[in-house]
Amino acid sequence: MDRSMAGWGSGLLGVVIFSGSLPATRVAVGDFSPMFLTSARAVIAALLSMVFLFALRQTRPERRDILPLTLVAIGCVVGFPLLTALALQHITAAHSIVFVGLLPLATAIFGVLRGGEQPKPAFWLFSIIGAATVAGFALNGSGDGTLAGDLLMIAAILVCGLGYAEGATLSRRLGGWQVISWALALSLPIMAIITLFTLPQTWTDISTPAWIGLGYVSIFSMMVGFIFWYRGLALGGIAGVGQLQLLQPFFGFLLAAIFLGEPIAWTMIASTVVVVICVAGAKRFA
């Protein structure tokens, strides 16, 4: 019980940190290109991670760990940040946040396929209801979405779910912060090259909020949040703790309204209430 509760507590803290990711990305892509933002945040986080890895003399991953770490890098370091940055050029941060309601289901599916977990049938019922509610909002919701933006967000959710499941499974052996750190280190060479080729033509027009957004997604979204998130998934279970992501829209809506001044449609609130009810049922049967 203590191990499970520690996992849920750590996972919740990770969700709170991740809640600022999409609003911060929305602000940053106002002045940075999506490709530069994706690569720069990975480079900054990778350099910080490598300092900790070498300072604390962490054991290097084994050969069998390379493929899972590559999948973590593809899903969490490259795929999700890039696809969401592209999506946020077409949709509002508030609209994109609702898609996070699909992430627990994606994470649970990959947790079964790659992590060997076996949730009870009732778990899938609650997960599907929550996912269907989010999908219904995306199709008939606030009107702030576009087909391109919605499709990019769905793709982002799928690759992120894979990255979460792979990272959680690997965290049981390597540790949470070590997994994301090694994945960042693995992606550093190619991301550094992309950063150099996508540098802004001028730095004088970049606003302070954009710099703050870049700093947030680099340090908190790309590294600190994963430390707590992977620890939570490893301790409490991928499928179960993954349902905490259904709470993320609440925090995200609040941040989008406060810092971006974006309107929050009643359909967003209604959809979120339904999926949060589902998390209680999913937790019980995970």
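**Exercise 1. Classify Ala168 as buried or exposed, then state which residues are in contact with Ala168.**

Step 1. Alanine 168 has a relative accessible area of 0% and is therefore buried (buried is under 20% relative accessible area, exposed over 50%, and partly exposed in between, with a 1.4 Å probe and protein chains only). This is a predicted model, in which local features need pLDDT of at least 70 and side-chain atom pairs count only at pLDDT 80 or more, while totals for chains, interfaces and linings use all residues. Residues are numbered from 1 along each chain as its sequence is written, and side-chain values use heavy atoms, with hydrogens and water left out.

Step 2. The residue sits in helix α8 (helices are DSSP runs of H or I with at least four residues, strands are runs of E with at least two, and both are numbered from the N terminus).

Step 3. With neighbours within four places in sequence left aside, alanine 168 is in contact with Tyr230, Leu233, Ala234 and Ile238 (contact means heavy atoms within 4.5 Å).

Step 4. For leucine 233, which is 65 residues away along the chain, the C-alpha separation from alanine 168 is 5.5 Å.

**Exercise 2. Determine where glutamate 166 is placed and which residues are in contact with it.**

Step 1. Helix α8 holds glutamate 166.

Step 2. Its relative accessible area is 5%, so glutamate 166 is buried.

Step 3. Apart from neighbours within four places in sequence, glutamate 166 is in contact with Pro68, Leu71, Val72 and Arg114.

**Exercise 3. Compare three loop residues, Ser19, Arg57 and Gly175, by location and accessibility.**

Step 1. Serine 19 belongs to the loop between α1 (2–18) and α2. At a relative accessible area of 2% serine 19 is buried, and, not counting residues up to four places away in sequence, serine 19 touches Gln248, Phe251, Gly252 and Leu255.

Step 2. Arginine 57 is in the loop between α3 (34–55) and α4 (66–87). Although arginine 57 is not a glycine, its phi is positive, about 50°. Arginine 57 is exposed, as its relative accessible area is 75%.

Step 3. Glycine 175 is in the loop between α8 and α9 (176–197). A relative accessible area of 19% makes glycine 175 buried.

**Exercise 4. Describe how α2 packs against α10 and α12.**

Step 1. Two packed helices are described by the angle between their axes and the distance between the axes. For α2 and α10, the axes come within 7 Å and cross at roughly 140° (axes are lines fitted to C-alpha atoms, for helices over the stretch in contact, and angles run from 0 to 180 degrees between N-to-C directions).

Step 2. On the α2 side the contact involves Ser21, Ala24, Thr25, Val27 and Ala28, which meet Pro209, Ala210, Gly213, Leu214, Tyr216, Val217 and Ser221 in α10. By class, the contact of α2 with α10 has eight nonpolar, four polar and no charged residues (Ala, Val, Leu, Ile, Met, Phe, Trp, Tyr, Cys and Pro count as nonpolar, Asp, Glu, Lys and Arg as charged, and the others, Gly among them, as polar).

Step 3. The angle between α2 and α12 is about 35°, and their axes are 8 Å apart. Pro23, Arg26 and Val27 of α2 make this contact with Gly252, Leu255, Ala256 and Leu260 of α12. The class count for α2 with α12 is five nonpolar, one polar and one charged.

Step 4. Six of the eight residues of α2 are buried, namely Ser21, Leu22, Pro23, Ala24, Thr25 and Ala28.
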